[in-house]
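User: I am new to this structure. Please show it to me, then take my questions about how its terms are applied.

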Amino acid sequence: NYAMPFQFMLFGFVAVIVFFVYGNRLTLDWQRYSPETFTKRLFVTSLVIRLVYVIFIYFYYIDMTGQPHAYHVADELFYHGMGAVWRNDGFDIMKSEMRNVDFSDSGYAWWLGFEYLLLGTHVLPARLVKCVISAFSCVLMYNLAKRNFGEEVGRIAAIFCMLMPNMWYYCGVTLKEAEMCFLTILFVERADLVLRSPKIKVAGVIIPALCI
């Protein structure tokens, strides 16, 4: 009586199969590629996977909940509503509304507001941007792991990041996790590069400092 609905069992089954089967297969099949070719294939494949998932889950949510948001939605509607204020009511109203928002929640609201200002207040374009950010996170993970543990480990880490179902999920919801994961990985990767450089330059410190 406490079993989850069959559709969620199916989603979980597919996610596990895809991760372990293709994680093993691609780790072997992509060994022959040069680092440059591997990086391009990693980014493109990561992007395609996320785009397919986001478009599918967008229509799935509409069919199941009546809106392009997940079940029992709360934070998504908050961010969506706050993000739309800038485009619909102007910057001053957005600034005034943000005074009542907790500091930890304000960053993504501003970022979403900027995206909506440029792309419109529909949730799908903003989620497509998440796909690009998340795909680039996989490339950063490759660079970071390769620099610390070698080429083979770097490729395994990147492929696992590409196939991680959580990373897909973050792209399909109006929440801040995709951007926060990206900023975290970008900070660690850039900071690691700075620490390994024979001479620390101001230009190399700017990106990790901005990420913080």
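Analyst: Start with one term: contact means heavy atoms within 4.5 Å. By that rule Leu26 touches Ile159 and Met162, leaving aside residues up to four places away in sequence. This is a predicted model, where local features need pLDDT of at least 70, side-chain atom pairs count only at pLDDT 80 or more, and totals for chains, interfaces and linings use all residues. Residues are numbered from 1 along each chain as its sequence is written, and side-chain values use heavy atoms, with hydrogens and water left out.

User: Where is Leu26 found, and why is Leu26 called buried or exposed?

Analyst: Leu26 is found in helix H1 (residues 6–29). Helices are DSSP runs of H or I with at least four residues, numbered from the N terminus. Buried means under 20% relative accessible area, exposed over 50%, and partly exposed in between (1.4 Å probe, protein chains only). Leu26 has 14%, so Leu26 is buried.

User: How far apart are Leu26 and Arg155 in sequence and in space?

Analyst: They are 129 residues apart in sequence and 9.5 Å apart in space, C-alpha to C-alpha.

User: What makes H1 and H7 roughly antiparallel?

Analyst: Their axes cross at roughly 150 degrees and come within 10 Å. Axes are lines fitted to C-alpha atoms, for helices over the stretch in contact, and angles run from 0 to 180 degrees between N-to-C directions. Angles over 145 degrees count as roughly antiparallel. H1 and H7 are therefore roughly antiparallel.

User: Which residues make that contact, and of what class?

Analyst: Val18, Phe19, Tyr22, Gly23, Leu26 and Thr27 of H1 meet Ile156, Ile159, Phe160, Met162 and Leu163 of H7. By class, that is nine nonpolar, two polar and no charged residues. Ala, Val, Leu, Ile, Met, Phe, Trp, Tyr, Cys and Pro count as nonpolar, Asp, Glu, Lys and Arg as charged, and the others, Gly among them, as polar.

User: Why is H6 called roughly antiparallel to H7?

Analyst: The axes of H6 and H7 (residues 151–163) come within 7 Å and cross at roughly 155 degrees. That makes H6 roughly antiparallel to H7. Their contact has ten nonpolar, one polar and three charged residues.

How values were computed. Helix = DSSP H or I, 4+ residues; strand = E, 2+ residues; numbered from the N terminus. Parallel < 35°, antiparallel > 145°, perpendicular 65-115°, else oblique.
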